[in-house]
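Subject: Structure handover, pockets

Dear colleague,

Here is the structure I said I would pass on.

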Amino acid sequence: MAINWFPGHMVKTKREIKENLKLVDAVVEIRDARIVKSSKNPDIDELCAGKPRIILLNKSDLTDAKITKAWKKYLTNENTTVIEVNALKGEGLKNIKPALLSLLKEKHDRLKAKGLVKITTRVMVVGIPNVGKSTFINKMAKNNIAKTGDRPGVTKSKQWIKTSIGIELMDTPGVLWPKFEDDTVALNLAFTGAIKDEIMDTEELALNLVARLQETNPELLMKRYKLTELKEEPIDNLDAIARKRGALISGGQIDYNRIAAILLDEFRGGKIGNISLEEPPNIEEV
Ligand code: G4P
């Protein structure tokens, strides 16, 4: 399926991130826990090399808990802490400060030895569109977004967002795009709403979603739409779902536009079930 999505180029954003990284102690990288691989910016490792990192697996309320746990294990290393969160409800966010303190312990010990008493931790929040950056920042700031104004060296009008727990956040300067060239990645991004529906053929997208779910989560699909069986052809299953939902036009024809909207909306809202679209390689170990 062709998804016409033009990312623009990232040279400027990457340069600005590099410049601003000098001003922060650590990076908080947000990913969509449903598509941990597809929601990764391809340049992020290189860009943030050497900086302590926290990866937030956001929207974990929508995923298969076992798979999210496996991703956590897979991505954790001595320089990276992985935390499952639900930024919308604020779940898991309390684990961020202790994780930062632990990652930055040596640095903080050095500062304390020099006599510094009050240490503020500055972090840059990065992530591709739709992973929940704004939701996260707002929740952390709890509506206390304080404009601390421009500081020397901070690119253009970047502002620090103060939180009440001694952490200052900087939003990504510019937009970080995912690696969308790959068909599966593009579909994953589209299924989860990271690519806006307006620029896609939603009917084809919904058909692709049925094709995917009948392979990976057939029981959930059957249960949600009260289907007694699944046919081999995704179109037959989409038609059956449409009939169950009464998405029909006069003459009993399927209203594909309507059923596509229903299906995508219900999937994105977690109504079909807790579904992770990607698994890490170590899933069997967890
Ligand atoms: P961004 O700044 O990274 O682009 O993401 P943003 O915070 O705008 O969040 C994108 C969508 O994801 C929003 O949905 C937001 O409510 C939702 N979201 C963020 N965190 C969570 C979470 O932990 N769990 C769930 N279930 N949803 C979350 P939206 O307002 O409906 O926007 P849209 O999808 O219509 O654009």
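Predicted model: local features only at pLDDT ≥ 70, side-chain atom pairs only at ≥ 80, totals over all residues.

Largest pocket

The volume of the largest pocket comes to about 290 Å³. Its lining consists of 18 residues. Nearest the pocket centre are Lys-37, Ser-38, Lys-40, Val-185 and Glu-278. Sorted by class, the lining of the largest pocket holds seven nonpolar, four polar and seven charged residues. Both domain 1 (7–170) and domain 2 (201–285) take part, each with at least three residues in the lining of the largest pocket.

Second largest pocket

For the second largest pocket, the volume is about 150 Å³. The residues lining the second largest pocket include Lys-97, Leu-100 and Leu-101, along with Lys-105, His-108, Asp-109 and Lys-112. Ile-119, Thr-121, Ile-165, Gly-166 and Ile-167 also belong to this lining. At least two lining residues come from helix 4 (96–103), and at least two from helix 5 (105–113). Helix 5 is the element that gives the most, with four residues. By class, the lining of the second largest pocket has five nonpolar residues, three polar ones and four charged ones.

Regards

Methods:
Residues numbered from 1 in each chain as written. Heavy atoms only, no water. 1 Å grid on protein atoms, 1.4 Å probe; cavity = no way out; pocket = protein on both sides within 12 Å on 5 of 7 lines; lining within 4 Å. Points joined across faces, edges and corners; volume = space filled by probe spheres on them. Nonpolar A, V, L, I, M, F, W, Y, C, P; charged D, E, K, R; others polar. Domains from an automatic or database assignment.
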